[in-house]
Amino acid sequence: MNPVIEKLLVLQDRDKRLLELKGALARVPMERAALASREAALTKGVEEAKDAMRHAEAERKKTEIEAAAKQAQVQKYKTQLLEIKNNDQFHALQHEIAAAETEIRQIEDREIGFMEQVEMLQRKVQAAESAQREAAGQILLQKKDLETREAAMNAEIGGLDKERASLAAELEEETRSRYERIFSHRNGQAVVAVAHGMCSGCHLKLTTQTIHDAMRDDALVACTNCGRLLFHTRGNL
Ligand SMILES: [Zn+2]
């Protein structure tokens, strides 16, 4: 095989891997952001449940205070009742007491409603907290995995960059830039085999002359259709 083609094939192999790694590396921030937003959603779930519970508890407390105030008023009326001599006034006050007691029962019913709400919301807080706890371990593992993968990819890229530089240095400037141009325009496929009389890059039939030229070891031959560099090993005609 043409020694230049051989070098280009090695370079292409490294370049393909670099492309793959850089693509994966570029997705790391997105993966990290997805983990962070999952974490934030779990925290938000807990906070919202807690807020709702605090609100219900505050409402319950208000009804408790309201009931106590009404209760005190009833006590005051009852004391006044003992001092009243006038019948009409006595009945009027008794009526007030009955009305206040009815109100107290209504307030207490509301309080029970809030207590039930608080209990339900407490369970919701616990569920949100346990979902957060369970996911936290998993998220931590995923974050560590992401960091490990990122470090490994960076290390591999570093090694490949060096290797690539020394491979590229062995090539003539013109050959290298021609290869790089095709590589970037043809989806990382710059050097392709002749297979069954066709260019394996664009799959179009090659002329006998092109195939014959691709077998030579002293020149670079390009597909007349797609411009990819061709190589031919005996047996793949
Ligand atoms: Zn082609």
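Helices here are DSSP runs of H or I with at least four residues, numbered from the N terminus. Arg17 lies in one of them, helix H1. The model shown in these views is predicted.

**Figure 1. The whole chain, from end to end.** The protein chain has four helices and four strands. Starting at the N terminus, the elements follow the order α-α-α-β-β-α-β-β. Along the principal axes, the C-alpha atoms fill a box of roughly 130 × 35 × 30 Å. The radius of gyration of the protein chain is 41 Å, while a compact globule of 237 residues would have one near 18 Å. Of these 237 residues, 11% count as buried. Contacts between residues 24 or more positions apart make up 72% of those with a separation of 6 or more.

**Figure 2. Two domains in one chain.** Domain 1 covers residues 14-171. Domain 2 covers residues 176-231. How far apart do the C-alpha centres of domain 1 and domain 2 lie? They are 62 Å apart.

Figure 3. Arg17 belongs to helix H1, and H1 runs over residues 3-83. Arg17 has 16 C-beta neighbours inside 10 Å, so it counts as partly exposed. Glu103 is found in helix H2, residues 87-169. Is Glu103 buried or partly exposed? Glu103 counts as partly exposed, because it has 15 C-beta neighbours inside 10 Å; a buried residue would need 20 or more. In sequence, Arg17 and Glu103 are 86 residues apart. In space, 78 Å separates their C-alpha atoms. Now take Glu103 with Ala67, a pair 36 residues apart along the chain. Their C-alpha atoms are separated by 8.4 Å.

**Figure 4. Helix H3 and its two sides.** Helix H3 has 13 residues, 173-185. At 1.5 Å a residue it should span 18 Å, and its end C-alpha atoms are 18 Å apart, so the two values agree. Which residues of H3 are buried? They are Tyr179, Ile182 and Phe183. Seen down the axis of H3, the buried residues fall within an arc of 105°, so they line one face of the helix. The other side of H3 carries exposed residues: Glu173, Glu174, Ser177, Arg181 and Ser184. Helix H1 and strand S4 (229-231) are among the elements that cover the buried residues of H3.

**Figure 5. The largest nonpolar core.** This core holds 19 residues. Leu8, Tyr179, Val191, Leu229 and Leu230 touch the most other members. Which elements give two or more residues to this core? They are H1, H3, strand S1 (191-195) and S4. H1 gives the most, with four residues. Look at Leu8 in detail. Leaving out residues up to four places away in sequence, Leu8 touches Tyr179, Val191 and Leu229. In soluble globular proteins, nonpolar side chains tend to be buried together.

Figure 6. Arg186 is found in the loop between H3 and S1. With 18 other C-beta atoms within 10 Å, Arg186 is partly exposed. Which residues does Arg186 touch, not counting those up to four places away in sequence? Arg186 touches Gly201, Cys226 and Arg228. Arg186 and Gly201 are 15 residues apart in sequence. Their C-alpha atoms are 8.5 Å apart in space.

Figure 7. Most residues other than glycine have a negative phi. Asn187 is not a glycine, yet its phi is positive, about 55°. Asn187 counts as exposed because it has 10 C-beta neighbours inside 10 Å, and the limit for exposed is 12 or fewer. His196 is not a glycine either, and its phi is positive at about 50°. Where does His196 lie? His196 lies in the loop between S1 and strand S2 (198-199). His196 is exposed, with 10 other C-beta atoms within 10 Å.

Terms used:
Residues numbered from 1 in each chain as written. Predicted model: local features only at pLDDT ≥ 70, side-chain atom pairs only at ≥ 80, totals over all residues. Expected span 1.5 Å × (residues − 1). Arc of directions from axis to C-beta. Contact = placed C-beta atoms within 7 Å. Domains from an automatic or database assignment. Rg over C-alpha atoms; globule rule 2.2 N^0.38 Å. Core = buried A, V, L, I, M, F, W, Y, C linked by C-beta atoms within 7 Å.
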